[in-house]
Amino acid sequence: MLAITAVGLFLPFRCAKHAGSRLTAAFRLVLVLVLALSGAGLAHAEDGYDLWLRYRPLPEAQAAAYRGHVAQLVLPAATPRQQAARDELLRGLGGLLGQTPPTSDAVSVDGAVVVGTPASSPTIARLRLDTRGLGHDGYLIRSAVIAGHPVTVVAAADDVGALYGAFHLLRLLQTGGSIAGLDLRETTRMKLRVLDHWDDLNGHVERGYAGNSIWGWQKLPDWLEPRYTDYARANASIGINGTVLNNVNANAAILTPPYLDKVKALAGVFRPYGIRVYLSVKFSAPIEIGGLKTADPLDPAVQRWWRAKADEIYALIPDFGGFLVKANSEGQPGPQDYGRTHADGANMLADAVAPHGGIVMWRAFVYSQANTDDRAKQAYTEFKPLDGKFRANVLLQVKNGPIDFQPREPFNPLFGAMPKTPLMMEFQVTKEYLGFATHLAYLGPLFEETLRADTMARGKGSTVARVIDGELDGHALTGIAGVANIGTDRDWSGSDFNQANWYAYGRLAWNPMLDARSIAEEWVRMTFSDDAAFVKPVVDMMMQSREAVVDYMTPLGLHHLMGKGHHYGPAPWDASGPRADWTPVYYHRADHDGIGFDRSSSGSNAVAQYAPPVAGTFNDLSKIPDAYLLWFHHVPWNYRMRSGRTLWDELVVHYTQGVDEVKQMRATWQRMDGRIDAERYRKAAVFLGIQEKEALWWRDASIAYFQSLNGLPLPAGYAPPQHPLSYYESLSFPFVPGYRP
Ligand code: BDP
């Protein structure tokens, strides 16, 4: 757009000078504006900024078919939220169909679209639709007849539901869906659908690979970046309704008055889109910014301080969501510093926000180097005894697996083990352990794998999804969090394909039972192209991509083999300080004879944290799926796998397969050249090239290291590593993005 605007500015003046044109100044100005504006529409660079809300013109035949169904918009615009729905429909329909329908107070033509709630729209009220059971967020989309005119109705019980319904209607058009004979009913059981930003106040994003923090703290509260509104639109389009603005490794300054004013300004931008703001808080804030001598949760002065702080926040932001807390983990302060439990800490904060309807998300990502027990067991050991001890407005936020967002982990044993406590899922959308920004790794299958895992806690079918959506144990307070992959990069997420992970997270947060493939399909159609010759191969490639990463990084249940601090690239040899549980050797336990972490009943017995049928499967070498073998068992290199190969050969096969899969992804993408815009095509093509190089690096470094221990030959036909082990060991990465020392 900038380029065209510049040309638009340049042309008329050049004409005037060289061709002696008699253009008046006023006419020149009009021409400049017209060219600039039309240029904006025509030659908008495909830089990824528009995400899945591109609204580019549909093929004419398709647009023509839809136009008859969206001939008029009948919807209220009395509140900012209603205006948000109206603006989005006008923007979306205008873009997709090339014309915006007129808005009106009443249906007067065939093909009107009627949006609203019984309270906001007399037309909807007269329809007497059954909006009970839709909750705040649900909606109906129905084909109906009003005053003799066939219409499409988007009805909800609350304005936010109407907004979500409006986005759904646009999605139908974007994905080539039919909008005749509609009878859709959408509801969600997930109350909190939250993005966690690990953003520091200085603009750095911990584990962020898409530039800096999008929050311009320095310019807030005065300057509200247009990007904030687009962020809110994107989130509302997939039903995300909460954002934690700052890093869980929190800075207490976020709770000081100047920052709270900034937070208030952001909350104001997000409110029309149904998004509440939450903050990560530092447990020692009463000392650091409150002047107290202690942060002991049982100390009345500390309790008073937090209550006053909550009152102060809610006076500024009445719909403030609440607090997220990382305590007594990785150096963060917490209640245990005062001999208190996590429940004592969480409850003290919960009491402070309860009068205002706020909640506390207390993280279960807790482990300690002082504890010599298997790190995978520590969160369960810590929290399971606290079941039933938390206030009603506390959710325990549990990472999907027991270690730390690895390419593959078994589900966290806390799911299903704390029936009296609402457990909130924590996924990582940013790809800290799956190749940073550049690797194409669609996380839909990873999320789906965890959500569908059967904890067997209350018998067969006790899936993780049913634990977190409250159904299994009857919780009304439910939630899910995703660690955001959003930054100041023009494409928001560091690559166009990373946007799919934000999208998939949001869609699964709304409905944890959706399937990853359909989500990918939707996303590809909205983001790139509706062309079947593009959609099918690209979706296939996405669906395969996460498994490829598992293969070239951590196959067969291996985990945590990345380099310390930077987490970029392999370092399975690393046994250096400061903590054993941060070193790869702690996790793979490889030596001359074998490899794997024995978490069976003869080892750390982590298996016992699972319900008996699951524990039985994980404990038994003859039953455990290959994918989890080395997570739970230490086996000899010559162990015979189901394939008939030895474990060593099988490992090499997987590492190599991972690289081959990336080669196939590259080849698939090359065939897509010309089917989408050159900008986004080229970027993904180059990134896949980077991925192939780095996949090979992972494979070769891992094989070189394990071979240095076992001295075994590679299976026939498998290439040796390109470099000696010493080369891989010599690489260092002190400056990679997102680094944390
Ligand atoms: C780890 C990250 C670290 C986070 C931590 C957490 O490497 O930067 O602070 O998770 O979740 O995976 O608190």
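1. Partly exposed, as used here, covers residues between two limits: buried means under 20% relative accessible area, and exposed means over 50%. Keep those cut-offs in mind for the points below. The model is a predicted one.

2. Start with Asp530. Its relative accessibility is 31%. The partner of Asp530 is Arg525, and their side chains meet in a salt bridge (2.7 Å, N to O). Arg525 has a relative accessible area of 25%, so Arg525 is partly exposed too.

3. Next, look at Arg645 and Glu650. What links their side chains? A salt bridge does, at 3.1 Å from N to O. Is Glu650 buried or exposed? Glu650 is buried, because its relative accessible area is 6% and the cut-off is under 20%. Arg645 stands at 35% relative accessibility, so Arg645 counts as partly exposed.

4. Now turn to Lys399 and Asp404. Their side chains form a salt bridge, with 2.7 Å between N and O. Both residues are buried. Find the pair in the model and check what surrounds each side chain.

5. Some charged residues form a network. Which residues belong to it? Salt bridges link Glu46, Asp50, Arg54, Arg56, Asp677 and Arg680. Trace this network on the structure, using the residue numbers above.

6. Finally, the total. How many salt bridges does the structure hold? The count is 46. Among them are the Arg525 to Asp530 bridge, the Arg645 to Glu650 bridge and the Lys399 to Asp404 bridge.

Methods:
Residues numbered from 1 in each chain as written. Predicted model: local features only at pLDDT ≥ 70, side-chain atom pairs only at ≥ 80, totals over all residues. Heavy atoms only, no water. Salt bridge = Lys/Arg side-chain N within 4 Å of Asp/Glu carboxyl O. Buried < 20%, exposed > 50% of the residue type's maximum accessible area, 1.4 Å probe, protein only.
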